[in-house]
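Please open the model in the viewer and keep the selection panel at hand. The tour moves from one selection to the next and says what is found at each stop.

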Amino acid sequence: QVHFVESGGGLVQPGESLRLSCTASALTLNNYAITWFRQAPGKEREGVSCISSTAISPYYADSVKGRFTMSRDNAKNTVYLQLNSLKPEDTAVYYCAAKEPYKWSPHTIWAPGDYDYWGQGTQVTVSS
């Protein structure tokens, strides 16, 4: 049974940084497209960053481009999301998700319904 564990969330002040981790069991992450989503209260889930199984450079939503960095450590079967220059509007529950390789398309990376496996989420709160 596929299981994701996310960690690294917390309460920080604007301008500070966090690093989120997502570790998988029963699934080799480098064989899948992995996306970080976030969901703020009362808002729809939105894609933040995505890396395919073959891509060298991740995709980023415009709202986080230049501030967030996604990376993968295949030896640890873990993906990371480095969050820098955090803003109050980044406050949300952050999820990692994976989709089966045959579903890969750069046109659907931000579609939550296209993903097969989800973590439980980690809360990020940015507040002064």
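A disulfide is a pair of cysteine sulfur atoms within 2.5 Å. The model is predicted: local features need pLDDT of at least 70 and side-chain atom pairs count only at pLDDT 80 or more, whereas totals for chains, interfaces and linings use all residues. Residues are numbered from 1 along each chain as its sequence is written, and side-chain values use heavy atoms, with hydrogens and water left out.

**First stop: the disulfide**

A search of the whole structure finds one disulfide. Select cysteine 22 and cysteine 96, which it joins with an S to S distance of 1.9 Å. The torsion about this S-S bond is about 60°, so the disulfide is right-handed. Cysteine 22 belongs to strand β3 (residues 18–25) and cysteine 96 to strand β9 (residues 92–99), so the pair ties together parts that are 74 residues apart in sequence. Strands here are DSSP runs of E with at least two residues, and helices are runs of H or I with at least four, numbered from the N terminus. Both cysteine 22 and cysteine 96 are buried, where buried means under 20% relative accessible area, exposed over 50% and partly exposed in between (1.4 Å probe, protein chains only).

Next, select cysteine 50, which is in no disulfide; the nearest cysteine sulfur, that of cysteine 96, is 12 Å away. Cysteine 50 counts as buried because its relative accessibility is 0%.

**Second stop: valine 12**

Select valine 12 in strand β2 (residues 10–12). Its relative accessibility is 8%, so valine 12 counts as buried. Which residues does valine 12 touch, not counting those up to four places away in sequence? They are Ser17, Leu18, Leu86, Thr125, Val126 and Ser127, a contact being heavy atoms within 4.5 Å. Draw a C-alpha to C-alpha distance from valine 12 to leucine 86: the two are 8.2 Å apart in space and 74 residues apart in sequence.

**Last stop: the whole chain**

Now show the protein chain as a cartoon. Its secondary structure comes to zero helices and 11 strands. The radius of gyration, taken over C-alpha atoms, is 14 Å, close to the 14 Å that the globule rule gives for 128 residues, so the chain is as compact as a globular protein of that length. That rule is 2.2 Å times the number of residues to the power 0.38. Along the principal axes, the C-alpha atoms fill a box of roughly 45 × 30 × 25 Å. Of the 128 residues, 42% count as buried.
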